[in-house]
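Hello,

Please find the structure below, followed by notes on what turned up in it.

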Amino acid sequence: MNFFQVGQAFSLVDMPGYGINQPQSFVEMVEGYLKNRKNLCKTFVLLDGEAGLSHWDKIAIKMMEEFGRPYVLVMTKIDKMLDAEKLRSVVGVKNLRDRLSSSCCFPQPFLVSSLTCEGIGLVQCYIAYVTGNIRLQSL
């Protein structure tokens with residue numbers, strides 16, 4: 001795990017190795033972290049939008065639900081997808097969330113591209129919001 005301190009505001013934890021190339025101990029390490037980390041306010045589960053929901057994505061999502069941890073789904077690589085593929089992926093994620101009767105998952109997945117930066121600003125604003133670093137005005 002890699003820990004990043006963002007000024008005095010909050011910390012981000014990156015868990016590289018998730019997915020196809022993950023080490024055997026990865027699930028146990030993540031499980032222990034999620035169960036025991038009391039000040040964890042939100043987990044962002046990154047999904048490869050181009051590849052669709054993988055076996056490991058489903059395990060990660062079920063783990064969040066089992067532990068009752070609030071989480072957000074972020075679909076990456078949307079620059080590599082046609083609009084119809086984006087819609088298919090979003091509907092697939094929504095259907096999985098609905099089957100789990102999720103009360104832990106933020107209702108809308110974020111769609112992002114590290115190549116074009118599409119959606120990145122919105123995710124950054126949401127992180128600032130959930131960490132208490134910005135407040136929303138009444139609408």
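**Aromatic rings and the sheet**

Phe 106 is partly exposed, with a relative accessible area of 28%; partly exposed covers the range between buried, under 20%, and exposed, over 50%, with a 1.4 Å probe and protein chains only. This is a predicted model, in which local features need pLDDT of at least 70, side-chain atom pairs count only at pLDDT 80 or more, and totals for chains, interfaces and linings use all residues. Residues are numbered from 1 along each chain as its sequence is written, and side-chain values use heavy atoms, with hydrogens and water left out.

A search of the whole structure gives 6 aromatic pairs. Rings of Phe, Tyr and Trp (its six-membered ring) pair if their centres lie within 6.5 Å; planes under 30 degrees apart count as stacked, over 60 as edge-to-face and the rest as tilted. Phe 44 and Tyr 126 are an edge-to-face pair, because their ring centres are 6.2 Å apart and their planes stand at 75 degrees. This pair links distant parts of the chain, since Phe 44 lies in strand β3 and Tyr 126 in helix α4 (residues 120–130), 82 residues apart. Helices (H or I, at least four residues) and strands (E, at least two) are DSSP runs, numbered from the N terminus. Phe 44 is partly exposed at 23% relative accessible area, while Tyr 126 is buried at 11%.

The rings of Phe 106 and Phe 110 are stacked, because their centres are 5.7 Å apart and their planes are at 5 degrees. Phe 110 is buried, with 7% relative accessibility. One aromatic cluster takes in Phe 44, Phe 106, Phe 110, Tyr 126 and Tyr 129.

Now the sheet. It is open, has 3 strands in the order β3-β4-β5, and its pairing is parallel; two strands pair if DSSP finds at least two bridges between them. β3 (43–48) and β5 (110–111) are at the edges with a single partner strand each, so one side of each has no neighbour in the sheet. Strand β4 (residues 71–76) is joined to β5 by 2 bridges, and Val 74 stands opposite Phe 110 in β5. Helix α3 (residues 83–99) packs on the sheet and touches β3, β4 and β5 (contact means heavy atoms within 4.5 Å).

Last, helix α4. Its buried residues are Val 123, Tyr 126, Ile 127 and Ala 128. What covers them includes β2 (10–14), β3, β4 and β5. Gly 132 follows α4 and has a positive phi, near 80 degrees.

Regards

Methods: Axes are lines fitted to C-alpha atoms, for helices over the stretch in contact, and angles run from 0 to 180 degrees between N-to-C directions.
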